[in-house]
Amino acid sequence: MKKILMAFALFATLGLNAQSKYESAMQNGLSKMKESKTPDEMSAVASFFERVGDAEKNQWLPYYYAARNYTIAAFMNPASDKDKVAEKVNELITKAEAIENNNAEIFCLKQQVAVMQLVVDPMSRWQSYGAIAAEAIAKAKVIDPNNPRPYLLEGQYLMNVPEAFGGGKAVAKKLFEKSVELFENFKPASVLHPSWGKEQAAQLLAACQ
Amino acid sequence: MFCQTNKMKAILLFIAGMILAGLLKAQVLVKGTVKDNKGRILAGANIALKDSYDGTMSDSTGSFSFKTTEKGNALLVASNIGYKTMELPVVLGTDSVVISFILKEEINELKAVIITAGSYEASDKKKGTVLKALDIATTAGANADISATIQTLPGAQKVGEQEGLFIRGGSAEEAKIIIDGTVVNNFFYSSVPGISQRGRFSPFLFSGTVFSSGGYSALYGQALSSVLSLESLDIPEKSELQVGLSPLFATVGLQQVANNKKSSYGFSYNWTNLAVYQKLVPQAPDFFKVPDFHTADMNYRFKTKKNGVFKIYAYYNSGTLGVRNPSLDSIGLWNAFSLKNQNLFTNLSFRQFLGNGWKINIAASVSYNKDEILTQVQNQQYQAVPITNISVIDQTGYSLNANQWMLQGRVVVDKRFGAINTIRFGAEVWNNADSSRFQSMNGLFPSSVNDFYKAGFAEADLYITNELAFRPGVRIEHSSLLNKMNVAPRAALSYKLGKNSQVTADYGIFYQTPERRYLINQPPVNFLRADHYILTYQHISSSYTFRVQAFYKDYVSLLKTSNNFPTTVSNAGLGYAKGIELFWRDKKTFKNFDYWISYSYLDTKRDYNNYTALVQPTFAATHSGSVVLKKFWVKNMFGVNWSYNWSTGRPYFNPNRNSKDFLIDRTIAYSSNNFSLNWLPKIGKANAVVVLGVNNVFNERQIFGYNYSSRLRDTNGDLIRSEINPPADRSFFLGIFLSWGVDRSQQNINNNL
């Protein structure tokens, strides 16, 4: 009895520690992400998430956040080599998809990468990358019709597309409205799951008024 | 009591456990540097302790440091895009660990030297291309004609009175144009004396265009100078209905894409008639039969399971025209030329990945061309004149019916190995069957000639490092008409000097069967041959392209016709071409403004066909250049394009000279300013493209050469002549293209809102 109790105590202390390691690391990463302001800081956070993903092997969220942060860092830094970053991000997306198949959030990432590559040379890339982006968003909507982020991202993209190509503020406005409406009832699956975008949707909707 | 001690022990143990856990987490410092195998600092490399969360990124000096609580044997992993990931064992004790990583570069397409740097490629997919697909359609002066855009690049000569690609001192026959692997014999509308014709195919059919001004791949042959290879679109993005209207033509087309985007079909019809245009813009020659063309085409494409694509394309065109110019041989008479043409081009292509790096490309083509030409000497009432007994006049009248059939089959197999090394090999067969009936006052001359041509080829792209690549190739050909075989080695060597700059050296032997019309009832001749030596330097980034090329082309064997009658032919012709070419393109310096400048210096001489000396040929200018400007306002969807083409005068034949002064005369320099405007508004539900083009805006005088009389002389005793000019000095183009696309993204929005 004594021994059992002792063993249990020892196990509990070490075990408790181990169990929270992933979650606390993720929490830690997410709070660092909020604090990051420069592209370098965003990349550092991204590389942290990537390490967590590689160590865990069966969690897709670290790869998701790694991909997202690398993408944002590239968007923030005009001098970055967007095609090179896209290669990296697509690698992470592949890793995430191997764990979590058919997830709307991952399809949102795909759209962001495609848009990032499109921006490199919009005149000649909008047809090819524009189609990839549109397809990714369409898939995301089918998988998770109540997710507000596909609408937000699509609106954000179409806002910058000339009206002649089916974009413009009027088109984007409808999408932001839909996104804001969905955010009202949106609950992330856990504290670690993606929950960003609510304020952004409201701001962009205001910008379209 | 017992209980209490136990509790105490448990608590103590718990605390001990906490301390133990804490102790286990005593931190150790890991630091070091990351460099590549050339000693260059690598910033932004990921450093991680395998299976832990600990790690960092290397900073701008290539250094890294982080603390870890892990203990014992571990693996430290360094990774960076474009480099091989490296793992080093470390022992984590109490002392800090210092590690230096030297990462090896991965050979990959994004970084590797470009083997084909000697050619000009228009593509939206590949890296390192000089042009984009849209550039072909938006170059001022080109009026969306592929070959006219090519003429703004170095090495391609503008020859105003004749269609074709005249590359680095080569004649039009020395360039082959290829669609999806098969040769197009009649890429241009049939020749009309003195008037350059357009290419038949719209640039919008193609997603990739590769123009090689020399030293091209062993996959192609039968072109002494150059190959222009066009790759058609795969499955389009969306279904659409297109309508085009212009004073010159009306066109309608439909493209239907299956819902799963795995297949598509389409057809289009175009009617071109210049009656209205010629009323608006007076033409110098008298078009007694207004150019009138009907074109229909269709396509069917589908994707196979393993990412393969199967495509069928068929094109049919029929056209008539008649043009009349005053005769130089008799005052008051006219020379009338009329043409009826029918043309068919079909292509079937199939490419399939076979797994394990293998890929197969199969192509087949059937094409047919029929020209019915009638020339006539006419009087003031445009009636055919009877026999005048002046032989030069009587011989001007003739009729020619010419038929050409061509069948082709081709297989190319690709195998990728290593990172990006590739070997390609394959074979092709062509059967050309020409027949013609030539009738003049001397009688009827029917003839037919048939050539069965077969070729085998192999080539390898070998990347020794990212900096150094080698492409050896060989082509073996046989022609039944010549009953001869040839072996043509090719080689390219590329070396990367810096991030964006490289040099390429190309060498190759190029053979071509002489034009079949010269070979009827002739003694045996051999293939014509040219050897190419090309050196290219290029600096290319997404914003700028700079390229300089030096070349030497040795025409080892050209066709030579004898001066006695009956004419015989031999391989005794020869010549050379050498020169320097420059190309500069800048998309960055001015916002939304893009321009390119090209310049060619060409020194070429040849003694071939009926030439009487080694001289600069009529189709070659010593200096030529182009400036192409493009400005686009994205907000208004409005673009303005300008181009300026210039070249020094070309030699022309002057029968008033004695034979030792053969081709010493030069025309005036050629100069043309062209303007075009594109506007892409939304009209109702249609996406519209409005194009207005003006060629030779400033009405500059253009003389491409002279026609001489065979018998009439002026007061100095010289044979009289007339200038060869464009049909109109200034020419115009106006067109509105409307497309109604079933926009799937729009559908999706509507479905989900």
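Before anything else I noted what pairing means here: two strands pair if DSSP finds at least two bridges between them. I also reminded myself that this is a predicted model.

**Entry 1: a sheet in chain B**

I used that definition on β8 of chain B and its neighbour. Five bridges join β8(B) to strand β13, residues 206-212 of chain B, and the two run antiparallel. As one example of residues facing each other, I found B:Ser119 opposite B:Ser212 in β13(B).

Then I looked at the whole sheet. It is an open sheet of five strands in chain B, with the order β8-β13-β14-β11-β12 and mixed pairing.

**Entry 2: strand β36 of chain B**

Next I followed β36 of chain B, residues 670-679, and looked at where its side chains point. They alternate: B:Tyr670, B:Ser672, B:Asn674, B:Ser676 and B:Asn678 point to one face and are buried.

Which strands are joined to β36(B)? One is β33, residues 638-647 of chain B, which runs antiparallel to β36(B) and is joined to it by 10 bridges. There I saw B:Asn645 standing opposite B:Ser672. Another is β38, residues 686-695 of chain B, also antiparallel, with five bridges to β36(B). In that pair, B:Phe675 stands opposite B:Val694.

**Entry 3: nonpolar cores**

I went looking for the largest nonpolar core and found that it has 61 residues. Those with the most contacts inside it are B:Ile150, B:Leu165, B:Ile178, B:Val184 and B:Leu228. Strand β11 of chain B, residues 175-179, gives the most to this core, with four residues. I picked B:Val184 and checked what it touches, leaving out residues up to four places away in sequence: B:Ile177, B:Ile178, B:Ile179 and B:Phe345. Another core lies apart from this one, with 55 residues, including A:Ala134, A:Leu153, A:Leu182 and A:Leu204.

**Entry 4: chain A**

How many helices and strands does chain A have? I noted nine helices and zero strands. The C-alpha atoms of chain A fill a box of roughly 80 × 35 × 30 Å along the principal axes. Of its 209 residues, 41% are buried. I also looked at contacts in chain A between residues at least 6 apart in sequence, and 61% of these join residues at least 24 apart.

**Entry 5: two positive phi angles**

B:Ala144 has a phi of about 55° and lies in the loop between α2 (133-137) and α3 (146-150) of chain B. B:Lys261 has a phi of about 60° and lies in the loop between β16 (249-257) and β17 (263-273) of chain B.

Is each of them buried or exposed? B:Ala144 has 20 other C-beta atoms within 10 Å, so it counts as buried. B:Lys261 has 15 other C-beta atoms within 10 Å, so it is partly exposed.

Definitions and conventions: Residues numbered from 1 in each chain as written. Chains lettered and ligands numbered in written order. Predicted model: local features only at pLDDT ≥ 70, side-chain atom pairs only at ≥ 80, totals over all residues. Buried ≥ 20, exposed ≤ 12 C-beta atoms within 10 Å, placed from the backbone. Contact = placed C-beta atoms within 7 Å. Core = buried A, V, L, I, M, F, W, Y, C linked by C-beta atoms within 7 Å.
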